[in-house]
Amino acid sequence: MMSFVPLLLVAILFPATQAIQLTKCEVFPLLKDMSGYRDFTLPELMCTLFHASAYDTQAIVENDGSTEYGLFQISNKLWCRSDQIPQSRNICGISCDKFLDDDLTDDIMCAKKILDIKGIDYWLAHKPLCTEKLEQWNCEKL
């Protein structure tokens with residue numbers, strides 16, 4: 001009986017700490033203004049983001065000495081400031097933890113800078129997974 005109580009507490013508290021995972025069709029309209037930016041399509045972006053973060057606005061991935069944050073998996077090595085890499089160039093001029101909230105405004109602004117400087121292939125999943133057969137990533141009613 002004693003082991004049941006801690007397990008029950010974990011079960012009650014766990015849902016309160018889960019990250020926010022959006023669906024494809026919840027993300028799609030939020031990113032509409034990125035359609036055509038630097039000549040890539042919204043379905044390309046949707047596919048790329050699915051493979052980068054699974055549409056999880058609070059995704060954090062450790063990657064070879066750096067950390068990637070949020071829906072766009074923006075790295076603290078170049079793009080944002082964190083305690084982990086205080087010498088980051090912080091090209092987007094923002095704290096990395098800002099990419100973990102539900103307001104995508106700053107995420108989109110930084111993603112556009114990344115596209116301007118590095119292009120869509122900054123996101124490694126794009127080229128092998130998101131250049132063909134993109135119909136499944138579209139949420140517009142045809």
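Q: How many residues does H4 have, and how far does H4 reach?
A: Helix H4 has 13 residues and reaches 19 Å from its first C-alpha to its last, close to the 18 Å expected at 1.5 Å a residue. Keep in mind that this is a predicted model.

Q: Which residues of H4 are buried?
A: Asp 106, Asp 107, Ile 108, Cys 110, Ala 111, Ile 114 and Leu 115.

Q: And what do those pack against?
A: The buried residues of H4 pack against H2 and strand S3, which is 74–75.

Q: What's going on just after H4?
A: Gly 119 sits there and takes a positive phi of about 85 degrees.

Q: OK, zooming out. How many helices and strands does the chain have?
A: There are 5 helices and 3 strands. Read from the N terminus, they go α-α-α-β-β-β-α-α.

Q: How much of the chain is buried?
A: Buried residues come to 42% of the 142 residues. On the contact side, take those with a separation of 6 or more: 50% of them are between residues 24 or more positions apart.

Q: What about the largest nonpolar core, how many residues has it got?
A: That core has 36 residues. The ones with the most contacts inside it are Leu 31, Met 34, Leu 45, Met 46, Tyr 55, Phe 72 and Trp 123.

Q: Which elements give two or more residues to it?
A: Helices H2 (24–30), H3 (42–53) and H4 (105–117).

Q: Pick Phe 72 then. What is Phe 72 in contact with, leaving aside neighbours within four places in sequence?
A: Phe 72 contacts Leu 31, Met 34, Leu 45, Leu 49, Asp 107, Ile 108, Ala 111 and Trp 123.

Q: New topic: pockets. How much space lies in the largest one?
A: About 330 Å³. Its lining is made up of 16 residues, and Asn 63, Glu 68, Gln 73, Tyr 122 and Leu 124 lie nearest its centre.

Q: What's the lining like by class?
A: There are 8 nonpolar, 5 polar and 3 charged residues. H3, strand S1 (60–63) and strand S2 (66–69) each supply at least two residues of that lining.

Q: Where is Gln 73?
A: Gln 73 is in the loop between S2 and S3. With a relative accessible area of 4%, Gln 73 is buried.

Q: What is Gln 73 in contact with, leaving aside its neighbours within four places?
A: Ala 52, Ser 53, Ala 59, Ile 60, Val 61, Glu 68, Tyr 122 and Trp 123. Gln 73 and Ala 111 are 38 residues apart in sequence, with 9.4 Å between their C-alpha atoms.

Q: And Ser 82, where's that?
A: Ser 82 is in the loop between S3 and H4. Ser 82 is buried, at 12% relative accessible area, and touches Tyr 69, Asn 76 and Cys 96, not counting residues up to four places away in sequence.

Q: Last one: what's the phi of Asn 90?
A: Near 50 degrees, a positive value in a residue other than glycine. Asn 90 is in the loop between S3 and H4, and at 17% relative accessibility Asn 90 counts as buried. Lys 133 also isn't a glycine and has a positive phi of about 50 degrees, but Lys 133 is exposed at 68%.

Key
Residues are numbered from 1 along each chain as its sequence is written. This is a predicted model: local features need pLDDT of at least 70, side-chain atom pairs count only at pLDDT 80 or more; totals for chains, interfaces and linings use all residues. Side-chain values use heavy atoms; hydrogens and water are left out. A nonpolar core is a set of buried Ala, Val, Leu, Ile, Met, Phe, Trp, Tyr and Cys residues joined through side-chain atoms within 4.5 Å. Buried means under 20% relative accessible area, exposed over 50%, partly exposed in between (1.4 Å probe, protein chains only). Helices (H or I, at least four residues) and strands (E, at least two) are DSSP runs, numbered from the N terminus. Contact means heavy atoms within 4.5 Å. On a 1 Å grid over the protein atoms alone, a cavity is a set of points where a 1.4 Å probe fits but cannot get out, and a pocket is an open set with protein on both sides within 12 Å along at least five of seven lines; lining residues have an atom within 4 Å of a point. Grid points are joined across faces, edges and corners, and a volume is the space filled by probe spheres set on the points. Ala, Val, Leu, Ile, Met, Phe, Trp, Tyr, Cys and Pro count as nonpolar, Asp, Glu, Lys and Arg as charged, and the others, Gly among them, as polar. The expected span of a helix is 1.5 Å times one less than its number of residues.
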